[in-house]
Amino acid sequence: MTETALTVHQTARPHGFPTAGHFAFVESALPRPTPGTALVENLYWSVDPYHREMMDGDFALHAPLEGRAIGRVVESRDPSLTEGEIVLHRQGWRTHAVVTPGEVRGLPRFDGVPLSAYLGILGGTGLTAYVGLTRIAELRAGQDLFVSAAAGGVGTATGRLARLMGAGRIVGSAGTAAKAAYLTEHVGYDEVFDHHAGPTADLLAEAAPDGIDLYIDNVGGEHLEAAISSLREHGRIVRVGTIAQYNATGAPYALRNLPDIVEKSLRMEGFLVRDYPHVQEELYEFVVPHLQSGRMRLDETVVDGFDRIVDAFLGMLRGENRGKMIVRASSTTQN
């Protein structure tokens, strides 16, 4: 085992789109576990859109970045953490982490399901989509929905889950025609438009001429305004994220049709997935059989090498991923 560890620190607050200059790789001696802790060597890391929002003030400067990671216990000084055990934790962008039992979650192993799935469809990404559909939107069979940023991690998970749950027409928006084609050919979307092709309201009206029942909002701004106009009476809006504002330097987009929320008796609700850990086992029960049967596929873009984690994060913000963006240790052979 190596005697050094690497962590990624944020070194400055970005104004607009971040660059590699806002981060630094910091080398240190390999940490050693103390009584009641264990040393984890990380195998997979998650980079997520919410990290950009946290860079504006929630992440401490010159300190390791938070985030979900999967690793193997390589040295333990606590009987509840077994050497060789695979665990999930949130100590994030580092090659090694010293953890307590309360800071990790053991991962069940299902035949045919790779570890990367626990950062995607079986992890916080999939749980966000599942909670959004079942707890917030309360999707019922036959209902039509619109999903913004449909080619991202939450967007692909939402499309696949909604199709398995018996949704009616599923419409999405994406950033390129190639992504739109992938979503309709492989993920289960009925129609997807490239949002660069014109005003979002016009594109959505063309894709869903009879309106929608639900909107899963990962973008905000113009997309949210378009969805409000397209929603039928008693429609629901699930607020997951506001990608459109993460790198903005000007005033936020001003919605012009907020009165429609009253006139059409719409409901809009946001949520944080961290408030729904009790739904995790339910997610496993629903998704794993579909993964094992092949009815559900993984949508992920995997970048090899911890030294490329910043590149992966910036690429995700530029929309270079299809599905969940995941970083994998170069030496990882574990499936």
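Predicted model: local features only at pLDDT ≥ 70, side-chain atom pairs only at ≥ 80, totals over all residues.
Colleague: How many salt bridges does the count come to?
Modeller: The count comes to 17 salt bridges.

Colleague: Which side chain meets Glu138 in a salt bridge?
Modeller: That of Arg267, at 3.9 Å from N to O. Glu138 is in the loop between helix H2 (124-136) and strand E8 (145-147), and Arg267 is in strand E13 (residues 267-270), so the pair ties together parts that are 129 residues apart in sequence.

Colleague: What about Asp213, which residue is its salt-bridge partner?
Modeller: Arg232, with the closest N and O atoms 2.9 Å apart. Asp213 belongs to strand E11 (residues 212-217) and Arg232 to strand E12 (residues 231-239), so this pair links parts 19 residues apart in sequence.

Colleague: Is Asp213 buried or exposed?
Modeller: Asp213 is buried, its relative accessible area being 15%, whereas Arg232 is partly exposed at 28%.

Colleague: Changing topic, why is strand E1 described as largely enclosed?
Modeller: Because five of the seven residues of E1 (residues 4-10) are buried. E1 also pairs with strand E2 (residues 23-29) in the antiparallel sense over seven bridges, and Leu6 has Glu27 in E2 as its bridge partner.

Colleague: Lastly, where is Gln280 found?
Modeller: Gln280 is in helix H9 (residues 280-293). Gln280 counts as buried, at 8% relative accessibility. Leaving aside residues up to four places away in sequence, Gln280 touches Arg105, Leu122 and Leu127.

Notes
Residues numbered from 1 in each chain as written. Heavy atoms only, no water. Helix = DSSP H or I, 4+ residues; strand = E, 2+ residues; numbered from the N terminus. Buried < 20%, exposed > 50% of the residue type's maximum accessible area, 1.4 Å probe, protein only. Contact = heavy atoms within 4.5 Å. Pairing = 2+ DSSP bridges. Salt bridge = Lys/Arg side-chain N within 4 Å of Asp/Glu carboxyl O.
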